[in-house]
Amino acid sequence: MPKFSPAETQLPTEELDKLAGPKLVSWYKRMLSQPSFAKVQQEISDALSKWDENNRWAGILHAGKRDEAEQTIFDKIVAKSIPSQVVFEDDKVLVFKDINPQAPTHLLVIPKRRETLSQLRFATAEHEGILGHMLAVVAKVASEEGLGDYRLVVNDGRGAGQEVFHLHMHVLAGRPLTWPPG
Ligand code: 5GP
């Protein structure tokens, strides 16, 4: 509520009603007449205004943005509604064999929840946990599968070869990999 009704940008009551429901809004307004509640409200409201000023919302997962990219085949693979050859999974990531392998071993590592990561370019500080976890899983799977030397690839954007808009890392191994890549 402090986000939507700080004194200086107070939303019209009808807007607030739509957002929070008339019962909650009238309770909130009644509570504001109590000095201790009003003080807390002011403190939160000031802090939130600072967040706005410093553009902190932009760095917060989901804040102000919706994941508007269409669902991809990877959501179905995660849901197991279409089959895949799973090599490793935990609650956060799935590792499975690429259907069209470009090397004797070609694995895909994906976050189970895409969130806003249809592409790596949308990553923010909030994604460091999942991105770091994906890399740790690559290392673990590469070791357990005895991959030896391998290459890790993220295609970001159509011009870079991305076809599926759900962040994924390709793990390629089992043949000499030349440089520069194509
Ligand atoms: P991108 O080109 O987007 O970087 O990579 C997408 C990868 O997903 C491709 O290597 C492609 O072969 C793989 N892929 C696409 N559809 C499927 C599928 O239904 N199952 C599996 N296992 N891999 C898929």
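**Pockets, strands and buried residues: how do we know?**

Student: What makes up the lining of the largest pocket, by class?

Tutor: In this predicted model, the lining of the largest pocket has 12 nonpolar, nine polar and three charged residues. Asp, Glu, Lys and Arg are the ones that count as charged.

Student: How do you know which residues lie nearest the centre of the largest pocket?

Tutor: A residue belongs to a lining if it has an atom within 4 Å of a pocket point. For the largest pocket 24 residues line it, and D98, N100, H106, L108 and H170 lie nearest its centre. The volume of the largest pocket is about 620 Å³. Two or more lining residues come from each of α4, β2 (93-97), β3 and β5, and α4 gives the most, with three residues.

Student: What makes β3 and β5 a pair of strands?

Tutor: Two strands pair if there are at least two bridges between them. Five bridges join β3 (residues 105-111) to β5 (residues 169-173), so the two count as paired. They run antiparallel. As one example, L108 has H170 in β5 as its bridge partner.

Student: Why are β1 and β4 called edge strands?

Tutor: Look at the order of the open sheet, which is β1-β2-β3-β5-β4 with antiparallel pairing. Strands β1 (86-89) and β4 (150-153) each pair on one side only, and they are the edge strands. From one strand to the next, the twist averages 20°.

Student: Why is E115 called buried?

Tutor: Buried means under 20% relative accessible area. E115 has 18%, so E115 is buried. You will find E115 in the loop between β3 and α5 (128-144). Its phi is near 50°, a positive value in a residue other than glycine.

Student: What makes the peptide bond from W179 to P180 cis?

Tutor: The omega of that bond is near 0°, and the bond is cis. P180 is found in the segment after β5.

Student: Which element gives the most to the lining of the second largest pocket?

Tutor: That is β4, with three residues. This pocket has a volume of about 270 Å³, and among the residues closest to its centre are R151 and V153.

Key. Residues numbered from 1 in each chain as written. Predicted model: local features only at pLDDT ≥ 70, side-chain atom pairs only at ≥ 80, totals over all residues. Heavy atoms only, no water. Helix = DSSP H or I, 4+ residues; strand = E, 2+ residues; numbered from the N terminus. Axes fitted to C-alpha atoms, helices over the stretch in contact; angles between N-to-C directions. Buried < 20%, exposed > 50% of the residue type's maximum accessible area, 1.4 Å probe, protein only. 1 Å grid on protein atoms, 1.4 Å probe; cavity = no way out; pocket = protein on both sides within 12 Å on 5 of 7 lines; lining within 4 Å. Points joined across faces, edges and corners; volume = space filled by probe spheres on them.
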